[in-house]
Amino acid sequence: MARSRLLDQGRETVLVWPEVEVLNARGQRVKVPADTPVKVYVTTSTQRSGDSELPGQVSIKTVRCIARNAPGGSWSRVEYQGEEWDIAAPPRFTPGASRATKHCEFILRSRNKLQGNA
C-alpha cells in the first residue's frame, strides 16, 4: 500500500540502469551500468535551465528527482523523458522521521546535444 503519493506514485517515470561491478581486461573491478533497466516513479522539479541561443552553445538543464527508492549511482545510466541523463552526484538517502517519509533524492543533468548533429 502506498504511504505517500509523491514518493510512491510520482508523476514521472525514469528508467535507471543500476551500476554493477565487473572485471575489466586487466582484472580490475570497475563500475558500469547494468544490462537491464529498473522503472522508478519519481516526483521532479526543475533545478536550473540555461538554453543555448546560438548553434554550438551548450544547454544546461538539471532536474531534482525524489523517489521512495532508486538503485542509482554515479555510474548509472538514466533515461528521462526519452533522453539520456547523467546523475550529477550520488543519490542521497534520507531516513525521514518515519517509514512514510524516508526517500531518495538525486539530481539529473542533461547530456548536451549540439543542434544540427542528430
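## Salt bridges and a buried serine

View 1. At 24% relative accessibility, Asp 86 is partly exposed (buried, under 20% relative accessible area; exposed, over 50%; partly exposed, in between; 1.4 Å probe, protein chains only). The model is predicted: local features need pLDDT of at least 70, side-chain atom pairs count only at pLDDT 80 or more, and totals for chains, interfaces and linings use all residues. Residues are numbered from 1 along each chain as its sequence is written, and side-chain values use heavy atoms, leaving out hydrogens and water. Asp 86 sits in strand β7 (residues 83-87) and Arg 111 in the segment after β9, so the bridge ties together parts that are 25 residues apart in sequence. Strands (E, at least two residues) are DSSP runs, numbered from the N terminus.

View 2. Asp 86 and Arg 111 are linked with Arg 77 and Glu 84 in a network of salt bridges. Across the whole structure, a search finds seven salt bridges.

**View 3. Arg 64 meets Glu 105.** The two side chains form a salt bridge at 2.9 Å, N to O. Arg 64 belongs to strand β5 (residues 60-67) and Glu 105 to strand β9 (residues 103-110), so this pair joins parts that are 41 residues apart in sequence. Glu 105 is buried, with a relative accessible area of 13%. Arg 64 is partly exposed, at 27%.

**View 4. Lys 31 meets Glu 19.** Here the side chains form a salt bridge at 3.7 Å, N to O. Lys 31 lies in strand β3 (residues 29-33) and Glu 19 in strand β2 (residues 19-23), so the bridge ties together parts that are twelve residues apart in sequence. Both partners count as partly exposed: Lys 31 at 38% relative accessibility, Glu 19 at 27%.

**View 5. Ser 76 reaches two backbone nitrogens.** Ser 76 lies in the loop between β5 and β6 (77-80). At 6% relative accessibility, Ser 76 is buried. Its side chain reaches the backbone nitrogen of Gly 73 at 2.7 Å. The Ser 76 side chain also reaches the backbone nitrogen of Glu 19, at 3.5 Å. Setting aside neighbours within four places in sequence, Ser 76 is in contact (heavy atoms within 4.5 Å) with Val 16, Trp 17, Pro 18, Glu 19, Pro 71 and Ile 87.

Terms used
A salt bridge is a side-chain nitrogen of Lys or Arg within 4 Å of a carboxyl oxygen of Asp or Glu. Helices (H or I, at least four residues) and strands (E, at least two) are DSSP runs, numbered from the N terminus. A polar contact is a pair of N or O atoms within 3.5 Å; within protein, one must be able to donate a hydrogen and the other to accept it, and residues adjacent in sequence count only if both atoms are side-chain atoms.
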